[in-house]
Amino acid sequence: MRRDNQSSVSEFLLLGLPIQPEQQGMYYALFLGMYLTTVLGNLLIILLIRLDSRLHTPMYFFLSHLALTDISFSSVTAPKMLMNMLTQTQSISYAGCISQAYFFLSFVDLDSFLLTSMAYDRYVAICHPLHYTRMMRQSLCFLLVVVSWVLSFAIALVHTLLLARLSFLRGNTLPHFFCDLSALLKLSSSDTTINQLVILTVGVVVITLPLLCILVSYGRIGATVLRRPSIKGICKALSTCGSHLSVVSLYYGAIIGLYFVPSSNSTNDKDVIVSVLYTLVTPMLNPFIYSLRNRDMKGALRNILRRGTFSA
């Protein structure tokens with residue numbers, strides 16, 4: 001069959017956040033501050049891990065990639081949103097929209113895989129401490145990260161290729177501040193059955209299975225700690241796993257609120273607001289969680305500051 005040459009629009013209009021015009025300036029400053037905090041905070045984590053040899057361990061190797069992912073994740077949506085708020089424009093090109101959807105999906109998936117790798121690392125550290133060096137060898141850590149990156153971008157490519165074949169004859173207005181896949185599917189005039197089926201199938205691989213692995217890991221950790229309960233053992237487990245558990249709760253809590261709690265209608269502001277928490281607040285909080293709850297990170301920061309003071 002001949003494909004309609006009007007099946008693709010040249011651009012989309014992003015309605016943005018449900019903010020009153022007189023409040024645009026205040027929210028622009030707030031979101032700009034949040035984005036800069038996200039970038040600088042995660043860059044600081046990467047810098048500390050690179051400079052402090054005591055942080056050259058599997059856990060911090062995964063954390064450095066998680067910090068890089070959070071920077072990239074926020075940078076996919078925040079700069080365009082801030083530019084639109086500043087210039088009062090709403091348009092994004094078709095190619096730009098598809099590219100934004102692709103990279104957004106890539107880094108969402110990558111976050112999930114990295115958090116799972118970190119949970120496995122914590123499981124080995126607490127449940128098999130005598131075999132930790134052998135089980136979490138450098139080659140395995142490198143392999144887990146490479147597979148996470150490749151798999152994430154490959155899965156996102158599948159979604160993007162299926163998205164690119166859809167027609168958008170109903171209109172080009174998205175009730176969102178970025179090109180969210182679900183919003184694009186609702187706007188499409190084509191049959192999205194295959195897209196929805198792939199989302200459901202891949203969601204099991206990307207979200208459900210990693211979450212189950214994390215829950216099993218922490219279930220085993222809890223069982224190990226409670227088998228020989230002591231205040232010292234519990235405190236050590238909390239200090240070892242507390243930061244990661246906090247990040248996991250933020251990440252999966254936002255996903256459940258965004259994709260698994262139904263909205264009253266297709267344009268509910270709840271989806272947009274939760275997306276802001278998901279794309280800006282969570283990546284911004286991660287550096288604070290790992291800095292404030294982690295003695296190694298605080299020690300590395302003090303050492304860097306001390307070196308800077310002495311050199312000055």
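Here are some questions and answers about this predicted model.

Reader: Happy to start simply: how many helices and strands does the protein have?
Author: Reading along the sequence, the pattern is β-α-α-β-α-α-α-β-α-α-α-α-α. Counting up by type, that comes to ten helices and three strands.

Reader: Which helix has the highest mean pLDDT, and which the lowest?
Author: For the protein as a whole, pLDDT averages 84, and 87% of the residues score at least 70. Among the elements, the highest mean, 95, belongs to helix H5 (residues 138–164), and the lowest, 70, to helix H10 (residues 295–311).

Reader: Which residues does UniProt annotate as "transmembrane region", and how far apart are the ends of residues 140–164?
Author: The unreviewed UniProt entry gives that annotation to residues 26–48, 60–81, 101–120, 140–164, 194–216, 237–260 and 272–292. In the model, residues 26–48 are 100% helix, with end C-alpha atoms 33 Å apart. Residues 140–164 are also 100% helix and 0% strand, and their end C-alpha atoms are 36 Å apart.

Reader: Is Asp 70 buried or exposed?
Author: Asp 70 lies in helix H2 (residues 58–87). Beyond its close sequence neighbours, up to four places away, Asp 70 touches Thr 38, Asn 42, Asp 111, Pro 283 and Asn 286. Its relative accessible area is 1%, and because the cut-off for burial is under 20%, Asp 70 counts as buried.

Reader: What volume does the largest cavity have?
Author: Rolling a probe the size of a water molecule over the atoms shows where empty space is left. Searching the whole structure turns up one cavity of 30 Å³ or more. The volume of the largest cavity is about 50 Å³.

Reader: Which elements give two or more residues to the lining of the largest cavity?
Author: The lining is made of Leu 66, Asp 70, Phe 73, Asp 111, Leu 115, Val 247, Tyr 251, Tyr 278, Thr 282 and Asn 286. Elements that supply two or more of the lining residues are H2, helix H3 (94–127), helix H8 (231–260) and helix H9 (269–292).

Reader: How many residues of that lining are charged?
Author: Asp 70 and Asp 111 are both in the lining, and Asp counts as charged. The lining divides into six nonpolar residues, two polar and, to finish, charged residues numbering two.

Reader: What share of the contacts with a separation of 6 or more joins residues 24 or more positions apart?
Author: The protein has 312 residues, and 46% of them are buried. Of the contacts with a separation of 6 or more, the share from residues 24 or more positions apart is 80%.

Key:
Residues numbered from 1 in each chain as written. Predicted model: local features only at pLDDT ≥ 70, side-chain atom pairs only at ≥ 80, totals over all residues. Heavy atoms only, no water. pLDDT = per-residue confidence, 0-100. Helix = DSSP H or I, 4+ residues; strand = E, 2+ residues; numbered from the N terminus. Buried < 20%, exposed > 50% of the residue type's maximum accessible area, 1.4 Å probe, protein only. Contact = heavy atoms within 4.5 Å. 1 Å grid on protein atoms, 1.4 Å probe; cavity = no way out; pocket = protein on both sides within 12 Å on 5 of 7 lines; lining within 4 Å. Points joined across faces, edges and corners; volume = space filled by probe spheres on them. UniProt positions renumbered as here; feature names shortened; annotations may be inferred.
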